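Please consider the structure shown here with attention to its charged side chains and to its backbone. The paragraphs below it are intended for a reader who meets it for the first time.

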Amino acid sequence: MRILVVGAGATGGYFGGRLAAAGRNVQFLVRPARADRLRADGLRIVSPYGDLAIAPNVVTAGEITGPFDVILLTVKAFGLGAALEDIAPTVGPETMILPFLNGMRHLDLIAGRFDRRNLVGYVCKVATTLDPDGRILQLSPVQEIAYGELDGTASDRMARLDETMRDAGFSARLSTDIEREMWEKWTLLATLAASTCLLRGSVGQILAAPGGRQTAFALLDEVSATVSRVGRQPSERALAAIRAMLGEEGSSQTSSLYRDVSIGAPIEADQILGDLLARARAADVPTPLLTAAYAQLSIYEAARRS
């Protein structure tokens, strides 16, 4: 299968690099400056599972020809509009678009630009970041992707996709209930982002602070109540895993949103928290702590832009 990875940052570079190293037919669509650096230095991964360095096949907008079989859309939400225009020449009727984006708003945007059949449900769990030298650093052992038809059906194209993704250096699995998993991941992301950003610390630091544990778990209650009302109720297994993560004493775990705030970068507060809050208000779900977290991040973003 022809695979186009849109972006070669911390997430796209990690999974795309692993796929390329495993012999898959992968091209990376990147901006000119990133293309120059990747051509000069290669794509480099530092990981608990072994470091990796490859010479990636990179292209820029206007150089790509399609259609591709699979598109891994690994951009931030604020770059989605431009990315959809860039990939337009590569999307055919049978192209599968796997969005590595947070929240759920992007599904309607992608379906509106192309066709809902192009969409594949997708969940990615990995903690990676770019260091100042452009290397991709894997911050924890978790490296899992799941994918499936949004309506839960078993299809021939999912079988082909599953065969392509397996045995490529990370955990990959086909899900028959991917929509629920996407809502569960949003529950995790929103809770972790709101708690670490509102309380300004890692999970371990939050637990060590007076009232920190109660605040983090109250945020989980707000988020899960909202998701259960407006989306798919998280399974008890998923909620237990989130509680275990929030209760891990001494943990250095933070959210990617918190890490972006720490370096003064643009953030995805609207997609991770703002959209969820809008849905909560429409469903009359009270969310005082989530509202406070989003207000703080909105202040940060306004100041960053000024």
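The model is a predicted one. Side chains of opposite charge can pair when their charged atoms come close. In this structure, 19 salt bridges are present.

One of them joins Arg 113 to Glu 85, with a nitrogen-to-oxygen distance of 2.9 Å.

A second example is found within a single helix. Arg 304 and Glu 301 form a salt bridge in which the closest N and O atoms are 2.8 Å apart. Both residues lie in helix α12 (residues 288-305), where a spacing of three residues corresponds to about one turn of the helix. The two partners fall into separate classes of accessibility: Arg 304 is partly exposed at 32%, whereas Glu 301 has a relative accessible area of 9% and is buried. The cut-off explains the latter assignment, because a residue counts as buried when its relative accessible area is under 20%.

Salt bridges may also share partners, and in this way Asp 177, Glu 179, Arg 180 and Arg 232 are joined into one network.

The backbone deserves attention next. Most residues other than glycine have a negative phi, and most peptide bonds are trans. Arg 200 is not a glycine, yet its phi is positive, at about 60°. Arg 200 is located in the loop that runs between α6 (178-199) and α7 (203-208), and at 47% relative accessibility it counts as partly exposed.

Asp 284 likewise has a positive phi, near 60°, without being a glycine. Asp 284 is part of the loop between α11 (269-282) and α12. With 66% relative accessibility, Asp 284 is classed as exposed, because the class of exposed residues begins over 50%.

Methods: Residues numbered from 1 in each chain as written. Predicted model: local features only at pLDDT ≥ 70, side-chain atom pairs only at ≥ 80, totals over all residues. Heavy atoms only, no water. Salt bridge = Lys/Arg side-chain N within 4 Å of Asp/Glu carboxyl O. Helix = DSSP H or I, 4+ residues; strand = E, 2+ residues; numbered from the N terminus. Buried < 20%, exposed > 50% of the residue type's maximum accessible area, 1.4 Å probe, protein only.
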